[in-house]
Amino acid sequence: MKRMRGAAVWAVFAMVSSTPALAAAQMSGAEKIHRLDVMLRATAAQCKGGADDFTADYDRFATNHRGVLETADGEMRAQLSRPAGPSGSWREMRRFNVAVADAYDRGHPWLDCHQLAMATHAMADVIGRATLEESADQLIDYRAPVRMASAHR
C-alpha cells in the first residue's frame with residue numbers, strides 16, 4: 001500500500017510540475033520538510049475562498065504528518081541553536097518562516113491553485129518522511145534566497 005500511495009503522488013507531480021526540481025543536496029531533510037509545510041500553508045491562504053481552495057487538504061496534511069512536521073521543526077531549531085543560541089533559535093525560526101512565506105507572496109512560481117490543490121490532496125495521505133522530502137524537492141522553489149542562520153555564518 002505504501003508503494004501505491006507514493007506512486008500516486010509521483011503521478012500527480014508529473015502532471016503538475018513543469019519546472020524540474022533544483023538541486024538541494026546541501027539542505028537538510030528537516031529544512032526541506034519545513035519549507036514544504038510553510039509553502040503549502042502560505043499558498044493555501046492565497047487560494048482560500050477560490051474555486052481551488054485547498055485549505056481542508058492542507059489541514060489534513062498537517063494533521064496526518066504532525067509527528068514528522070514537529071520532528072523537522074525540532075531539528076531545525078537545533079540547527080539554529082548552534083549559531084544563534086537557544087533563545088535566538090526561536091527568533092531565527094520566525095525570520096526563516098517569514099522569509100519562506102514571503103517567497104510565495106505572489107503565488108507559486110510554476111504551480112497554480114488547482115495544481116497545488118492536487119498535490120496537497122495527494123500528499124495528505126502519503127506515508128513516510130522520505131516521501132515528504134522527495135515531495136519538497138519537486139514542489140519547493142529552491143531559487144528563493146532563503147537561508148538558515150547556520151548556512152551563512
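## Packing of α3 against α5

The axes of helix α3 (residues 55–64) and helix α5 (residues 113–123) cross at roughly 30° and come within 8 Å of each other. Axes here are lines fitted to C-alpha atoms, for helices over the stretch in contact, with angles running from 0 to 180 degrees between N-to-C directions. Helices (H or I, at least four residues) and strands (E, at least two) are DSSP runs, numbered from the N terminus. The model is predicted: local features need pLDDT of at least 70, side-chain atom pairs count only at pLDDT 80 or more, and totals for chains, interfaces and linings use all residues. Residues are numbered from 1 along each chain as its sequence is written, and side-chain values use heavy atoms, leaving out hydrogens and water.

The two helices α3 and α5 are therefore roughly parallel to each other, a term for angles under 35 degrees. From α3, the residues Asp57, Tyr58, Arg60 and Phe61 meet Ala117, Thr120, His121 and Met123 of α5; contact means heavy atoms within 4.5 Å. The residues of this contact divide into four nonpolar, two polar and two charged. Here Ala, Val, Leu, Ile, Met, Phe, Trp, Tyr, Cys and Pro count as nonpolar, Asp, Glu, Lys and Arg as charged, and the others, Gly among them, as polar.

## Buried residues and the core

Buried means under 20% relative accessible area (1.4 Å probe, protein chains only). Two buried residues are listed below.

| Residue | Helix | Relative accessible area |
|---|---|---|
| Aspartate 57 | α3 | 16% |
| Leucine 80 | α4 | 1% |

Leaving aside neighbours within four places in sequence, aspartate 57 is in contact with Ala117, Thr120, His121 and Ala124. The C-alpha atoms of leucine 80 and methionine 93, 13 residues apart along the chain, are separated by 7.5 Å.

A nonpolar core is a set of buried Ala, Val, Leu, Ile, Met, Phe, Trp, Tyr and Cys residues joined through side-chain atoms within 4.5 Å. The largest such core has 34 residues, of which Leu36, Met39, Leu40, Phe61, Leu139 and Ile140 touch the most other members. At least two of its residues come from each of α2 (29–47), α3, α4 (66–103), α5 and α6 (129–139), and α2 gives the most, with eight residues.

## Overall fold

The protein contains six helices and zero strands. Of its 153 residues, 42% count as buried. Among contacts with a separation of 6 or more, 83% join residues 24 or more positions apart.

Conventions
Angles under 35 degrees count as roughly parallel, over 145 as roughly antiparallel, 65 to 115 as roughly perpendicular and the rest as oblique. Buried means under 20% relative accessible area, exposed over 50%, partly exposed in between (1.4 Å probe, protein chains only).
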